[in-house]
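Here are some questions about how the terms for this model are applied. Each answer sets a value against its cut-off.

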Amino acid sequence: MLCDDHAVVRAGLLALLGSEPGVEVVGEAGSGEEAVAAAAKLRPDVVLMDLQLGPGMDGVEATRRIAAPDVRVLVLTTYDTDADVTRAVDAGATGYLLKAERPEELFAAIRAAAEGRTALSAPVAGRVLDRARGAAAPALTARERDILGQLAHGLGNRDIARALFISEATVKTHLGRIYAKLGVDTRAGAVAVAKERRLVP
């Protein structure tokens, strides 16, 4: 079953998967809510799940509600930050694939997921292994923690600069370092990882 909020993407996947022997698309959904309802009704072997699904339930929450021993969820997305991967795997995803993969990789991942085996895109697998090996993330400085705390309270760069008596340019420099250390590229990603690692209350 397919879940993606872009009809064009679903149509492309339908055409692609329809050409592969042994793979049958039994349903599709354009939102997290639709996916949960369709999966409960259809009980597909594998659900291809995008993470960003527009307003409403996101792919992580849909994965959490759908994933079961007889229904595997394979994330297929353009997002590969550590925070996204962690949230998806914690929600029960069997695999995590990037939309940039070759069709053969997608077919192999679907078959692996159907058999209950983990399927990860190479870049994602490398990062997961690094984390499993205990590759410690560089520690945040006291100032970076201060800025992260302000970020978690929803403050913008200008307000953070005022609160900490530093320039906006300095805030931006620190944010760049924080993103690099946490392996994210957005403010929301930084806050999500910080909360996950208990770096902020």
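A salt bridge here is a side-chain nitrogen of Lys or Arg within 4 Å of a carboxyl oxygen of Asp or Glu. The structure holds 16 salt bridges. This is a predicted model, in which local features need pLDDT of at least 70 and side-chain atom pairs count only at pLDDT 80 or more, while totals for chains, interfaces and linings use all residues. Residues are numbered from 1 along each chain as its sequence is written, and side-chain values use heavy atoms, with hydrogens and water left out.

Q: What makes R43 and D70 a salt bridge?
A: Their side chains meet at 3.0 Å, N to O, and the cut-off is 4 Å. R43 is in the loop between α2 (32-42) and β3, and D70 is in the loop between α3 and β4, 27 residues apart. Helices (H or I, at least four residues) and strands (E, at least two) are DSSP runs, numbered from the N terminus.

Q: Why is R43 called partly exposed?
A: Buried means under 20% relative accessible area, exposed over 50%, and partly exposed in between (1.4 Å probe, protein chains only). R43 has 40% relative accessibility, so it counts as partly exposed. D70, at 44%, also counts as partly exposed.

Q: Are E61 and R65 buried, partly exposed or exposed?
A: E61 has 24% relative accessibility and is therefore partly exposed. R65, at 53%, counts as exposed. The two form a salt bridge, with the closest N and O atoms 2.8 Å apart. Being four residues apart in helix α3, they are separated by about one helical turn.

Q: Why is D50 called buried?
A: D50 has 4% relative accessibility, so it counts as buried. D50 lies in the loop between β3 (46-49) and α3 (59-66).

Q: What is D50 in contact with, leaving aside its neighbours within four places in sequence?
A: With contact taken as heavy atoms within 4.5 Å, the partners of D50 are C3, D4, D5, G59, L76, T77 and K99.

Q: Why do β2 and β6 count as edge strands?
A: Two strands pair if DSSP finds at least two bridges between them. The open sheet of six strands has the order β2-β1-β3-β4-β5-β6, with parallel pairing. β2 (28-29) and β6 (119-120) each have a single partner strand, so one side of each is left without a neighbour in the sheet. Strand β1 (residues 2-3) pairs with β2 over two bridges.
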